[in-house]
Amino acid sequence: MMFGVFDGHAGAACAQAVSERLLHYIAVSLMPRQSLEEIELAVEAMKPVRPILQRHRHPNDVEYQEIASQYFENLRVYWQHLLDLDSEPGFSLEEAMICAFKRLDSDISLEVQAPQENELMRNIALQVAFSGATACVAHIDGVHLHVANTGDCRAILGVREEDGTWSTLPLTRDHNAYDEFEIRRLKREHPRSEEKTLFVNDRLLGILMPSRAFGDVQLKWSKELQHSILENSCDVEALNIYQYVPPNYHTPPYLTAEPEVTYHKLRSKDKFLVIASDGLWEMLSNEKVVKLVAGHLTELNMQKSPLTFKKPINLGYMHNLLLQRKSKGLASLDQNIATHLIRHAIGSNEYGEVDPEKLAAMLTLPEDLARMYRDDITVTVVYFNSETIEDYYRNHE
């Protein structure tokens, strides 16, 4: 199974495209040669491809068919490239994820450079390439968990220790100016004369918070290429494309979509995985998130547990049981844990409790004001089946 969170900036176009395409690129990267040959033969014979490669239509997809065809054709070029290799691709899971991220980013860059007569398609390609997106994708195969991260989304594990306490295991690093590894990596890749200008006001070249991302070609292309593409375009202002060349822009690319991949072998004490955009982590610490999910799990289990009765049962006894349950506030429990986390992220007061008035105010802010108070937040929580994990270790001892 694969799970992903995608966080866009400078518009939604790049995040939308990456969310629709990246998992397909990873799937193709992981397929054996025989599967790729079967898919190619199916396409040549105009037969349906495997469900994993079928694109799911979004409700707001006006240009669905044309854009779907183009995206699929470029995916096909990728698997044909893999078939052209002399031998089985033979990627490890880590290599497959890295290759998929980099290939998709390369395709996003090439699509906007290719001649395109269809104005709508050209505009979409421009918006995708000149906006940007960070991505965090988890691949789970039995007890094998790989997480590929580009940018400042984050993945953590909630771990229940033997003594019943909860701990947090981070699976990603935030790629930004606060990370020493990222600062050193960028300094290695650029001349010493640029050391003081790589990060300005904790932003890459004074512009971008994440130091890895899809799209954002204005931080990857040469000045000449940017000018030639934008000069030949229609009304760039109407497309909300920011035309600027940052100061101290000397040795591009300054940005990469290459992910860092983490491997973790799941244990029975690993209870859940949380993947979320930086909007959640700005509001809640890793520890607070784990505490909230763990508390929610406990309450949910209590809610699901059947009422135990002493015999004989009388109405007074039943009434007391129901009052006990009501006093614990279980009736109003969020059924969706991601909703629960978002409520706490944007609606908590100084006591860590959700204040309904604050929550309502934060959710009804006009769009132009909302960004001053909160970031957009996307959260996915994945629960693990401890019994299945224990069975795996029993059968593989």
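The following is a conversation about a predicted model and some of its local features.

Me: What kind of model is this, and how are its residues numbered?
Reply: It is a predicted model, in which local features need pLDDT of at least 70 and side-chain atom pairs count only at pLDDT 80 or more, while totals for chains, interfaces and linings use all residues. Residues are numbered from 1 along each chain as its sequence is written, and side-chain values use heavy atoms, with hydrogens and water left out.

Me: How many aromatic pairs does a search of the whole structure find?
Reply: The search finds seven aromatic pairs. Rings of Phe, Tyr and Trp (its six-membered ring) pair if their centres lie within 6.5 Å; planes under 30 degrees apart count as stacked, over 60 as edge-to-face and the rest as tilted. One of the pairs is Tyr-25 with Tyr-78, which is stacked because the ring centres are 5.6 Å apart and the planes are at 15°.

Me: Which helices hold Tyr-25 and Tyr-78?
Reply: Tyr-25 lies in helix 1 (residues 13-30) and Tyr-78 in helix 3 (residues 64-84), so the pair ties together parts that are 53 residues apart in sequence. Helices (H or I, at least four residues) and strands (E, at least two) are DSSP runs, numbered from the N terminus.

Me: Are Tyr-25 and Tyr-78 buried or exposed?
Reply: Both Tyr-25 and Tyr-78 are buried. Buried means under 20% relative accessible area, exposed over 50%, and partly exposed in between (1.4 Å probe, protein chains only).

Me: And what about Tyr-392 and Tyr-393?
Reply: Tyr-392 and Tyr-393 form an edge-to-face pair, at 5.3 Å centre to centre with 85° between the planes. Tyr-392 is partly exposed at 22% relative accessibility, and Tyr-393 is partly exposed at 28%.

Me: Changing topic, which residues of helix 2 are buried?
Reply: In helix 2 (residues 33-44), the buried residues are Ser-35, Leu-36, Ile-39, Glu-40, Ala-42 and Val-43. They cover an arc of only 160° around the axis, so they are on the same side of helix 2; the arc is that of the directions from the helix axis to the C-beta atoms.

Me: What is on the face turned away from that buried side?
Reply: That face of helix 2 carries the exposed residues Gln-34, Leu-41 and Glu-44. Just after helix 2, Met-46 takes a positive phi of about 55°.

Me: Where else is there a positive phi?
Reply: Asp-202 has a positive phi of about 60° although it is not a glycine, and Asp-216 has one of about 50°. Asp-202 is in the loop between strand 6 (199-200) and strand 7 (203-204) and is partly exposed at 36% relative accessibility. Asp-216 is in the loop between strand 8 (214-215) and helix 7 and is buried, with a relative accessible area of 3%.

Me: Which residues does the cis peptide bond join?
Reply: The cis peptide bond joins Pro-252 and Pro-253, with omega of about 5°. Pro-253 lies in the loop between helix 7 (223-231) and strand 9 (260-265).

Me: Which residues does the charged end of an arginine sit over?
Reply: The charged end of Arg-21 sits over the ring of Tyr-71, 3.8 Å from its centre. Arg-184 lies over the face of Phe-181, at 5.2 Å from the ring centre. A charge sits over a ring if NZ of Lys or CZ of Arg is within 6 Å of the ring centre and within 35 degrees of the ring normal.

Note on methods: The expected span of a helix is 1.5 Å times one less than its number of residues.
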